[in-house]
Amino acid sequence: MKKLVSISVILLWAAAVACSGQPPNPLIGKWKLSIPPGADSKTYAYCATSMVFTDTTQTLTYAGKPASEKVTYNAAQTAVYPTTVYVIGNAGHTTYNFSSKDKLVQDTAALCPYQRD
């Protein structure tokens with residue numbers, strides 16, 4: 001009987017882990033542009049000044065004008081840093097590379113750096 005209970009507990013735990021879906025998404029939340037000290041701000045002229053991500057949307061603010069769209073995410077191996085999150089929206093996908101849970105770089109030509117707000 002004791003063995004049966006132990007096996008049942010293990011199976012229930014495995015089922016719960018399997019049903020939990022994707023790992024936590026570190027991108028969810030508010031982000032602000034983080035220009036490195038001494039850097040020319042013109043270098044980051046094409047970067048959003050702020051970004052907000054929810055489970056289903058992203059809002060990017062350029063020149064004081066926010067624009068929102070529905071998105072999906074591909075966030076794998078997010079328990080270890082560095083890590084990457086892919087955001088898929090209307091215009092294709094964007095890659096965000098995390099050095100820690102609070103710092104990321106948007107993988108575009110401008111390499112826009114952000115920190116959690």
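Since the model is predicted, local features are reported only at pLDDT of at least 70 and side-chain atom pairs only at pLDDT 80 or more, while totals for chains, interfaces and linings use all residues. Numbering runs from 1 along each chain as its sequence is written, and side-chain values use heavy atoms, with hydrogens and water left out.

The sheet comes first. Nine strands make up an open sheet with antiparallel pairing, in the order β4-β3-β2-β1-β9-β8-β7-β6-β5. Strands here are DSSP runs of E with at least two residues, helices are runs of H or I with at least four residues, and both are numbered from the N terminus; two strands count as paired if DSSP finds at least two bridges between them. The edges belong to β4 (65–70) and β5 (72–76), each of which has a single partner strand, so one side of each is left without a neighbour in the sheet. From one strand to the next, the twist averages 25° (axes are lines fitted to C-alpha atoms, for helices over the stretch in contact, and angles run from 0 to 180 degrees between N-to-C directions).

Zooming in on individual pairs, β1 (residues 29–33) runs antiparallel to β2 (residues 50–53), with four bridges between them. Lys30 has Val52 of β2 as its bridge partner. As for cover, none of the six residues of β4 is buried, where buried means under 20% relative accessible area, exposed over 50%, and partly exposed in between (1.4 Å probe, protein chains only).

Now for the inside. In soluble globular proteins, nonpolar side chains tend to be buried together. The largest nonpolar core in this model has 19 residues, and those with the most contacts inside it are Leu27, Trp31, Met51, Phe53, Tyr96, Leu104 and Tyr114. Such a core is a set of buried Ala, Val, Leu, Ile, Met, Phe, Trp, Tyr and Cys residues joined through side-chain atoms within 4.5 Å. At least two core residues come from each of β1, β2, β5, β6 (83–89), β7 (92–100) and β9 (112–116). Which residues does Leu27 contact, leaving aside its neighbours within four places in sequence? The list runs to Phe53, Tyr73, Val85, Val87, Tyr96, Phe98 and Leu104, with contact meaning heavy atoms within 4.5 Å.

Asn25 sits in the loop between α1 (2–19) and β1 and is buried, at 18% relative accessible area. A polar atom of the Asn25 side chain lies 2.9 Å from the backbone nitrogen of Leu27. Not counting residues up to four places away in sequence, Asn25 also touches Tyr73, Ala75 and Val85.

The structure holds one disulfide, defined as a pair of cysteine sulfur atoms within 2.5 Å. Cys47 and Cys112 are the two partners, with an S to S distance of 2.0 Å. Cys47 lies in the loop between β1 and β2 and Cys112 in strand β9, so the pair ties together parts that are 65 residues apart in sequence. The torsion about the S-S bond is about -85°, so this disulfide is left-handed. Both Cys47 and Cys112 are buried.

Most residues other than glycine have a negative phi, and most peptide bonds are trans. Leu111 is another non-glycine with a positive phi, of about 45°. Leu111 is found in the loop between β8 (103–106) and β9 and is partly exposed, at 46% relative accessibility. A cis peptide bond, with omega of about 5°, joins Tyr81 and Pro82, and Pro82 is in the loop between β5 and β6.

Note on methods. A polar contact is a pair of N or O atoms within 3.5 Å; within protein, one must be able to donate a hydrogen and the other to accept it, and residues adjacent in sequence count only if both atoms are side-chain atoms.
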